[in-house]
Amino acid sequence: MARKVTARRVWVSTAAAWLFGFLIFLPILWMVLTSFKTELEAFSMPPKFLLFHWTTENYTTVQERSDYVHHALNSIIIAGGSTLIAMIIAIPAAWSMAFAPTKRTKDVLLWMLSTKMMPSVGVLVPIYLIFRDFGLLDTRAGLVMILCLGNLPIVIWMLFTYFKEIPKDILEAARMDGATIGRELVYVLTPMAVPGLASTLLLNFILAWNEAFWTLNLSTLEAAPLTTFIASYSSPEGLFWAKLSAASTLAIAPIIILGWFTQRQLVRGLTFGAVK
Amino acid sequence: MATEQTQVLGRALLTPAVALLFIWMIVPLAMTIYFSTLHYSLLDAETWSFVGLENFRYFLTDPAFLTALRNTLVLVGSVLAITILLGTPLALLLDQQVVGRSVVRLMVIAPFFVMPTVSALVWKNLLMHPVSGLFAWIATLVGATPIDWFNDVPLLAVILIVAWQWLPFATLILLTALQSQDEEQKEAAEMDGASAVSTFIYLTLPHLARPITVVILIETIFLLTVFAEIFVTTGGGPGLATTNIAFLIYQQALVQYDVGNASAGGLVAVVIANIVAFFLVRIVGRNLEA
C-alpha cells in the first residue's frame, strides 16, 4: 500500500513531474500547434503560442499537394499486412514452443532472437539487389515481406512469453474432463490468450508503422509509407513548416494513441518479460 | 509430459517460422559475404572481379571508417548516459504520489511512438532552427546567442534528438521495475531511520540493476544502427561529422554504388552488433530459465 506522505511532498512531486512531463512533451505539442498556423505565423519571431490565427488549411493542403491519403494507405497496408502475416506464422510456432517444449526449444528461441541482432544495414546490399532483380523495389508486397521477417522474432518471443504464463493446470483439468484438442483450443486456451494476442498485434503494428530504415531505402513514391513521405519534407523545396507539422501530426496521432493503450504490455513485450 | 501426438504437431507448427527465419538469415548473409570479396560496383556491373579481403582492408583503413566508428560510439554512449541518468530520477519521481500521474505518464512516453523521420524534422525545423526555432527564441530571451545546431554541434544535435526518443523507453522500464519493489522493505528501512539517500543507494539501486542492464543492452542494439535521424537532418555531414557506421554503409551502397566495399562494411557492422548481442542473449537466456 502507498505510504503516508505529507501534502507538501505530494505538491512538490506533482509540480516537478508536470514540469518534466511538459518539457518532454513540448516538441510534440509545438508541432501540433504549428500545424494550425499559417506559414507566415509558423516562422514568426517571437513565436506565437496560442494567440494566432487558427486554421485547418494546412491539413487540406497536405492532402491536395502530395496525396497524404495515398501514403497513409500504404502505411496501413504495409504495417497491417506485415503484422498479420507475422502473427499467422508466429502463433503456431509460439504455441508449439510454449505447450510442447522439447530440449531444443530454448536454443531455437535464442537463435530466433539472434536473427534480430543482425543489423539491417549489414544486409542492405543483397536485399536491395534481390529487390531490384525481382522488381520488388517500391512495392508494398516487398515492404510487407521485409517488415514481416524483421519483426517475426519479436512477435514469436512476445507470444511465447504470454503463452507460457497460461497455467498448465487448467489445460490438464480440461483434458481430464475429456476435452479434445479442438475444444481445448476454442474454449480454454483462446479466451486466455486473447489479451496477449491483442497486445502483440498492436505493438508490432506500432513497430512496423514507425520502421524507417527499410522504407526509406526500398521505397520512393508508389509504395512509400508515411515515414518516407515525411522524409521528403527534408528537401529544401519542401520547407513548409505548418504543412510539415500538419502531415506529421496526422502521421503520428493514431500510433501515439495506440501506444498509450499498450504501454504496460510494451514493457513486457520489448524486454521479453525480463522486467516485471 | 507432452504426448507423441502433440510433439509431432508441435514440430509441424514450428517449421514454417524456423524455415523462413533461416532463409531470411542465411541468404542475405551469404550474399554479403560473397560480395565482400568482390570488386563490384553497380555503376560498372560488367567488370567485377575477385579481390579476396581487399575490401575489408580498404574499409577498415579508410579514415571515414574510424570517424564513423567514433561517431557511432559517441552517439550510443551519450544517448545511453542521458537516458539512464535522466530516466532514473524521472522514474523515481513518477513513482511518487503525483496528482494526475497518468496524464504525466502519457506525456513522458509519447516521444517513443513518434516515427524517427517526424521527430528528426520537428527538432531540426521547429526547435533547432538557428533563426526562428523555439530554442533560438529561448536563447534570445536569456540574452544568449542562438546556436546553429546542425552546423556548429551537429553530432550533439543528433544525440539530443535520439535521446529524446529513447528517454521514454528507459523511464517506462525503470518505472515498471520500481513499482514491483517491495514497499514493506522500504518502510522498514525508513522506520529504522534510514535517510532517503541511503534507502536509494542500498535498496532501490540494487533493485534497478537488472532493468538498467536490460535498458542498456536493448537500446544499444537499436542505437548502433541509428539511420533515419541522420538521413533526414544532416545527411551525415557536415563532412563526416554525423556519419555513423550505418550511414557510411548506406552511402557506399546506395550513393556510391560500391557493393563490394559496402558489403565488407556490412559484415563489420554485423560483427560489432553480435558482440553486443552475445551479452544480451546471455541475460535474456538466464531469464528464460526462471
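In this predicted model, the side chains of B:Glu54 and B:Arg57 meet in a salt bridge, with N and O 2.9 Å apart; the term denotes a side-chain nitrogen of Lys or Arg within 4 Å of a carboxyl oxygen of Asp or Glu. Because they are three residues apart in helix α2 (residues 54–61) of chain B, about one helical turn separates B:Glu54 and B:Arg57. Helices are DSSP runs of H or I with at least four residues, numbered from the N terminus.

Over all chains the structure holds three salt bridges. A:Lys243 pairs in this way with A:Glu39, the closest N and O atoms lying 3.0 Å apart. A:Lys243 belongs to helix α12 (residues 241–261) of chain A and A:Glu39 to helix α2 (residues 39–43) of chain A, so the pair ties together parts that are 204 residues apart in sequence. Both A:Lys243 and A:Glu39 are buried, that is, under 20% relative accessible area (1.4 Å probe, protein chains only).

Across the interface of chain A and chain B, by contrast, the rule finds zero salt bridges. Helix α1 (residues 7–34) of chain A gives the most to the side of chain A that touches chain B, with 18 residues. The contact, meaning heavy atoms within 4.5 Å, takes 104 residues from chain A and 103 residues from chain B.

Residues are numbered from 1 along each chain as its sequence is written, and chains are lettered from A and ligands numbered from 1 in the order in which they are written. Local features need pLDDT of at least 70, side-chain atom pairs count only at pLDDT 80 or more, and totals for chains, interfaces and linings use all residues, while side-chain values use heavy atoms, with hydrogens and water left out.

Conventions. Helix = DSSP H or I, 4+ residues; strand = E, 2+ residues; numbered from the N terminus. Buried < 20%, exposed > 50% of the residue type's maximum accessible area, 1.4 Å probe, protein only.
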